[in-house]
Amino acid sequence: MTNQLFKNAKEALINAAKDAKHPFRYFTMATIGINKSPRLRTVVLREVKEDLTLKIFTDKRSKKVTHIKENNNVCLLFFDHNKMLQLKVDGKAYLEQDEKTIEEIWKQIRIGSKKDYLTTQEPGAKIKDPEMIEYLDTSNHFAIVHIIPSKIEYLELKKEKHIRALFSKEENTWEGSFIVP
């Protein structure tokens, strides 16, 4: 039965990357800050490959990029309120290094969304007025983060009995077992 749960989790993640209204589309990503404290933020799931590598976009000046460079262990939390399904994903994050790949994806981003990567000041910088943000004309700070999962914890909250399972990637295969909710 754990095979079906893994299949459900995988299907939900793949669908979330394709469907802007899917509950897993926006999820929480945790990194380890330079001072060793966890840092959380909401990010957008952009793609999920068949091997479950996940992709997000970010500003390369963001704190999450600094954290990933220092310690690439990340934890992701997805929650579907309608199905009462939670997935916790542990993995390693890597920045895309191929400039051609970055440029190709940049071309596909809607013009309105590109503004997120065009600010002259880095994310988190203090400003006096949100209307006074300045944007670059000829360059950008767009980056792609890939997350390779190593563990997926599945938790389905039910009225009678919750169902919880842990999936671990051993070499290139996923092994699953039920765990106490």
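How many positive and how many negative side chains does the protein have, and how far apart do the centres of the two sets lie? In this predicted model, the protein carries 32 positive and 26 negative side chains, and the centres of these two sets are 3 Å apart. Four helices and nine strands make up the secondary structure of the protein.

**Overall architecture**

- Read from the N terminus, the elements follow the order α-β-β-β-β-α-β-β-α-α-β-β-β.
- The C-alpha trace of the protein spans about 55 × 35 × 35 Å along its principal axes.
- Of the 181 residues in the protein, 41% are buried.
- The accessible surface of the protein is about 11,600 Å², and carbon and sulfur atoms contribute 49% of that surface.
- Among contacts in the protein with a separation of 6 or more, 55% are between residues 24 or more positions apart.

- Strand E5 (residues 73-80) and strand E6 (residues 85-95) run antiparallel and are joined by eight bridges.
- Within this pairing, Leu-76 is placed opposite Val-89 in E6.
- E5 and E6 form a hairpin in which four residues lie between the two strands; in the turn, Met-84 has a positive phi of about 50°.
- E6 also pairs with strand E7 (residues 142-156), to which 11 bridges join it in an antiparallel arrangement.

- Glu-153 is found opposite Leu-166 in E8.
- The hairpin formed by E7 and E8 has six residues between its strands.
- The bridge partner of Glu-170 is Thr-173 in E9.
- Two residues lie between E8 and E9, which form a hairpin; Glu-171 in the turn has a positive phi of about 60°.

**Thr-53: a buried loop residue**

- Thr-53 belongs to the loop between strand E3 (47-48) and strand E4 (54-59).
- Thr-53 counts as buried because its relative accessibility is 10%, and the cut-off for a buried residue is under 20%.
- The side chain of Thr-53 makes a polar contact of 2.9 Å with the side chain of Asp-51.
- When neighbours within four places in sequence are left aside, Thr-53 is in contact with Glu-47, Val-48, His-146, Ile-147, Ile-148 and Pro-149.

**Lys-126: an exposed loop residue**

- Lys-126 lies in the loop between helix H4 (111-114) and E7.
- Lys-126 counts as exposed because its relative accessibility is 80%, and an exposed residue is one over 50%.
- Lys-126 and Val-43 are separated by 83 residues in sequence, and their C-alpha atoms are 21 Å apart in space.

Methods
Residues are numbered from 1 along each chain as its sequence is written. This is a predicted model: local features need pLDDT of at least 70, side-chain atom pairs count only at pLDDT 80 or more; totals for chains, interfaces and linings use all residues. Side-chain values use heavy atoms; hydrogens and water are left out. Two strands pair if DSSP finds at least two bridges between them. Buried means under 20% relative accessible area, exposed over 50%, partly exposed in between (1.4 Å probe, protein chains only). Contact means heavy atoms within 4.5 Å. Accessible areas come from the Shrake-Rupley method with a 1.4 Å probe; for residues, only the protein chains shown count as cover. Lys and Arg count as positive and Asp and Glu as negative; His and the chain ends are not counted. The place of a charge is taken as NZ of Lys, CZ of Arg, CG of Asp or CD of Glu. A polar contact is a pair of N or O atoms within 3.5 Å; within protein, one must be able to donate a hydrogen and the other to accept it, and residues adjacent in sequence count only if both atoms are side-chain atoms.
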